[in-house]
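Biologist: Before I use this model, I would like to go through the labels attached to it. For each one I will ask what it rests on.

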Amino acid sequence: METNQYIEVFLDESREHLQAVNDHLLELEKQPEDTSIVGEIFRSAHTLKGMAATMGFEDISSLTHKMENVLDLIRNDQLVVTTELIDITFNCLETLEEMVESIAEGGDGKKDVSDLVNQLEAIEKGEQPASKESENSSNTVETVTALEVDEYQKTVMDQAKEQGFQSFQVTVTLNEDCMLKQARVFMVFEVLEDLGEVIKTVPSVEELEEEQFDHHFSVLLLTKEEAEEIRSKVMKISEIKQVDLSPFSDRKIEKQENNQKEGTQKEKTQPEKSENNKQQSQKKQAQSKSIRVNIERIDRLMNLFEEVVIDRGRLEDISRKIGHNELIETVEHMSRVSKDMQNMMLTMRMVPIEQVFNRFPRMIRGLAKDLDKKIELEISGAETELDRTVIDEIGDPLVHLIRNSVDHGIESPQERSAKGKPEEGHLQLTAYHNGNHVYIEIEDDGAGINREKVESKAIKNGILTEEEAEKLTDEEVYPLIFSSGFSTAEQVSDISGRGVGLDVVKNTIESLGGQIFITSTPDQGSKFTIQLPLTLSILSAMLVNVQKETYAIPLSFIEETVMLKNDEKMFVNGQAVMDFRGKVVPLVSIQTIFEVPQNIEQNDKQDEAVVVVKKGDKLTGLVVDNFMGQKEVVLKSLGNYFKDVFAISGATILGDGSISLIIDPNALMKG
Amino acid sequence: MNKPSKVIVFQLNEEQYGVDITQVISIEKLTEITKVPKTSDFIKGIINIRGEITPIIDLKDRLQIGRSEYTDDTRVLIVQMNDVQVGLIVDSASDVIDIDEGSIDPPPKVIGGVSETFIIGVAKLKERLLILLDMEHVLDLDEVNEIKSVTNES
C-alpha cells in the first residue's frame, strides 16, 4: 500500500498530538482530579492510534491502545491518578516520540514496546473487572448505533417510497487491518450511489473523510435494488469484512428510542460521545482557518520575492535618474506595496517560539527528578515569533543552556536551604522582541558562575595566562566558558559537563547571526541572553564606499557613524584608535584588511568616515571612504565555491545590477 | 570518462579548447567583476548572472598559462558542475562543433602549456587540434581550497 504521500501529514499531526498529550499530562499532574484533562489526552491518544494503524505502524498503535485503556479507566473514575502512573505515561510518550522521529528519519518506527505495554497492562489489571465492563458497555453502544432521521430526510424517504424506492440501513464493517479506510469508504460510496441515493451516514461524511470512525459505518440508502444485490456489490470491494442490510422504517426509530430509555448505560455514554464529537467539530472549525504549506514553497516564494526587491532597488535608482514625476510616484507606490508584501512574507515564515519552549517543562521535570532537585520553570513570551530557520536551529542550544543551568546552576535543596534560599529553584525562560532582534533569556537563581574555577580551568587549558586572568573583569571571564573543551563541573554527569556543549551553543548562535551574553552574580544566579536576528535573508544595511568598491555593513551591528578629523586619530602601540564618547575604540581600515587596490588619488583628506560597529560591549571603528546610505538588501550566499571567506558573510545585488559584498563585522572586532 | 560529442570551442592565447556543451549553461559578455578579498588569485571575484551570484575564474590563470587581458571579444562561459555555477573567462568563444569519438586521442603530457591533469583528450579536426578540458578537474573544489589555504597561510 502506497502510504508515502501521507507520511508528512502523519508526522506533523503525530507531533501535534504528542505535544498535546505532553501539555495535558503536565496539567494533569497539577490537578489530578480533573477528568476533563484525561479526556483530552484520551482523544489525542485515540487519534494517534488511528493514524498509526492506518499507516501501518503497529508498535505505535499497540502502545497507544494500551494507553487508551488506562486513560479510559481514569476517565471513568475507576483509577486514581498517581505519580507512578504519570511517570509511566511520560515514558510511553517518550517512546512514542522516538518512534515518530525514527519514522521521520526514514526508519520503520519499530521499537520494543512490550515492557511499557506490560506496565500499562498491570495498571489496567488492577481494576480488571471494571475495565471489562466498560469495554462491554462501549461495545453495546457501538452496535446499537442506529440511524436517526430528521424531518427533511423523512419526507424524502416518504416521497421515495411512493416512487417505489426502498430504504435500507447498510452497515459496512471494514477489515481491522484496513490501511486506507478513507479510500475504502469512498469506494463503498461510489458503489452505493450507483445503486441508489445515500441520504444519511453515521458518522457524518466529514468524519468519514477524516477517518474518524472505528471500523464500521452506517448508511441510509434509497434504492430499487434488492438487498442481496447491494450486499454482493459492496462485498466486491476489498478489505470489507461484513455488510449488514436491514430495511429501514419509522418503527425502527421508535424502537431505538425505547432502547435508549431502557439502557441507562447507553444513555450515559452516548451524550458523552456526542459531546466529544461536538468538541471535535469545534476544534475542526478553528483549524480550518489555517492551511499547511510546505516550507519549501514559502522559501521559493521568498526567493522570487528577493528578485523583486532587487528590481525594486533598480527601479528606484532609474526613476530618480530620469526624474519623471509620474514614474517616480508609481515606483514609490510600488515600493510601499512591496514593502508590505515583504513584511507579510516574513511573517509567513514566522513561527511562535512556543514550539521550542514546549518541550522544556517535561525536560525540566525529568532533570529535576534525576538530580533530586526542586525546580520551578516559568516561561514567558512563548508567543514571540521567529523565523522558521532560526526556530529549527535554536532548539539544541537552548536545551544545552537549560541543562547547564539545571545541572550546574541550581543547587540541591539542602544547599539552597543552607544558603537561606527557598528549596525550590527558579528557572525563568523569556523571549521578547526588541527592534530588529529577538531576545531569549534563560535566568536561574542558582549558584552563579564561579569565577575562580573558570579562571583556573582557562589557565589549565592554555586559553589564559595567570597575569591576564588577574586583569580581566567578570564580564570578560564568563564568556570563557564558551571556549571548547570547557567544563567547570567537578563531576561529569550524563546531563552536562562533557565540555562539548557550550562552544557548540555559541557557534550555532553565531552562525544564525546572533550573539550570546552572560551575566552572573555569585549565589544569586546567572542569566544567559541570546540575541537573534528577526530574519535571515533580507536585512537593512549601510552601504559604504572603499575606493571604487561598495560594501554593505548590516545595520544591526552599527552603533553609529562618525566623521573623524585627522588629528583625532591616535595611536596606541601602533594600533590606530579613536576617542568615541570617552571610550577608546580601535580603528580597522577596510581598505587594508581587504587589500583593496588604491585607485583614487587621495588629496590630503581632512576627514575619515568611520562606522562604529558593536558586538556585545566591544566597539570597533571601521574606516571607509564614504557613506552611501541605508538600503534593504537581500543576503545571497557566495555559494559553495568560496568557503569561509574572511569577514564576508555574503553578497547582495544593488540597484544597478552590480554586486556588493556584505561585511561580517564579527570577524573584524578587535578585542 | 565520457567523451563529449558536441563541444563549445573557445580560445585561450593561440590554442583552441573545447568543453562539453551539456556542462555550459550560457555564454555571457564580461560585466564588471566584484572582487572578493583574500581568495585565490585565479578567482577574479563574483558577477551577477540573472540574480545568481556567480564566482568568476580566469581560466588562463587556473591553467597557469598567463592571464587574460579583457577585450571586446572576452567572454564568460557559465558552467555548472556538481551544483556549483562558475564563470570562466576566455579570450573568445567561437563555435559549436560535433566531434566524432574516434578522433579523440588520450591526452599527451603537456599541450599548449596545459598540464595533462586538466585534459580529457585531444580531438583531431581537419586542420587543427582541439584540447578537451576536464571541467570537473578545472573546478575541483578540494584542489581549489587547497590552493586557497596555502595562500591564506602565506
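Modeller: This is a predicted model. Start with a residue pair: Y432(A) has Y439(A) in β9(A) as its bridge partner.

Biologist: What makes β8(A) and β9(A) paired strands?

Modeller: Two strands pair if at least two bridges are found between them. β8(A) and strand β9 (residues 437–444) of chain A have eight bridges, in the antiparallel sense, so they count as paired by that rule.

Biologist: How do you know that β6(A) and β8(A) pair, and in which sense?

Modeller: Strand β6 (residues 375–380) and strand β8 (residues 425–434) of chain A share six bridges, and the sense is parallel. The cut-off is at least two bridges, so this is a pair too. Within it, I375(A) stands opposite G425(A) in β8(A).

Biologist: What joins β10(A) to β11(A), and what lies between them?

Modeller: Seven bridges join strand β10 (residues 515–521) to strand β11 (residues 525–533) of chain A, and the two run antiparallel. I518(A) has F528(A) in β11(A) as its bridge partner. The two strands form a hairpin with three residues between them. In the turn, D523(A) has a positive phi of about 65°.

Biologist: Why are β14(A) and β15(A) called edge strands?

Modeller: The open sheet has six strands in the order β14-β18-β19-β17-β16-β15 (chain A), and its pairing is mixed. β14 (558–565) and β15 (570–572) of chain A each have a single partner strand, so one side of each has no neighbour in the sheet. From one strand to the next the twist averages 40°.

Biologist: Which bridges hold for β16(A) and β17(A) in that sheet?

Modeller: Strand β16 (residues 575–580) and strand β17 (residues 583–589) of chain A run antiparallel and are joined by four bridges. M578(A) stands opposite V585(A) in β17(A).

Biologist: Why is H46(A) called buried?

Modeller: H46(A) has 20 other C-beta atoms within 10 Å. H46(A) lies in helix α2 (residues 35–55) of chain A. An unreviewed UniProt entry annotates H46(A) as "modified residue: Phosphohistidine".

Biologist: How much of chain A is buried, and what is its secondary structure?

Modeller: Of the 671 residues of chain A, 30% count as buried. Chain A has 24 helices and 22 strands. Among its contacts between residues at least 6 apart in sequence, 69% join residues at least 24 apart.

Biologist: What makes up the contact between the chains?

Modeller: Chain A supplies 22 residues and chain B supplies 17 residues. On the side of chain B that touches chain A, β4 (43–49), β5 (52–58), β7 (84–90) and α3 (141–153) of chain B each give at least two residues. β4(B) gives the most, with three residues. By class, that side of chain B has nine nonpolar, five polar and three charged residues.

Biologist: How confident is the predictor in chain B, and where does pLDDT stay under 50?

Modeller: The mean pLDDT of chain B is 78, and 83% of its residues reach 70 or more. Over residues 146–154 of chain B, pLDDT stays under 50, and the model has five contacts beyond four places in sequence for them. Where pLDDT is low, the predicted coordinates should not be read in detail. The model scores ipTM 0.71 and pTM 0.48.

Key
Residues numbered from 1 in each chain as written. Chains lettered and ligands numbered in written order. Predicted model: local features only at pLDDT ≥ 70, side-chain atom pairs only at ≥ 80, totals over all residues. Contact = placed C-beta atoms within 7 Å. Nonpolar A, V, L, I, M, F, W, Y, C, P; charged D, E, K, R; others polar. UniProt positions renumbered as here; feature names shortened; annotations may be inferred. Buried ≥ 20, exposed ≤ 12 C-beta atoms within 10 Å, placed from the backbone. Axes fitted to C-alpha atoms, helices over the stretch in contact; angles between N-to-C directions. pLDDT = per-residue confidence, 0-100.
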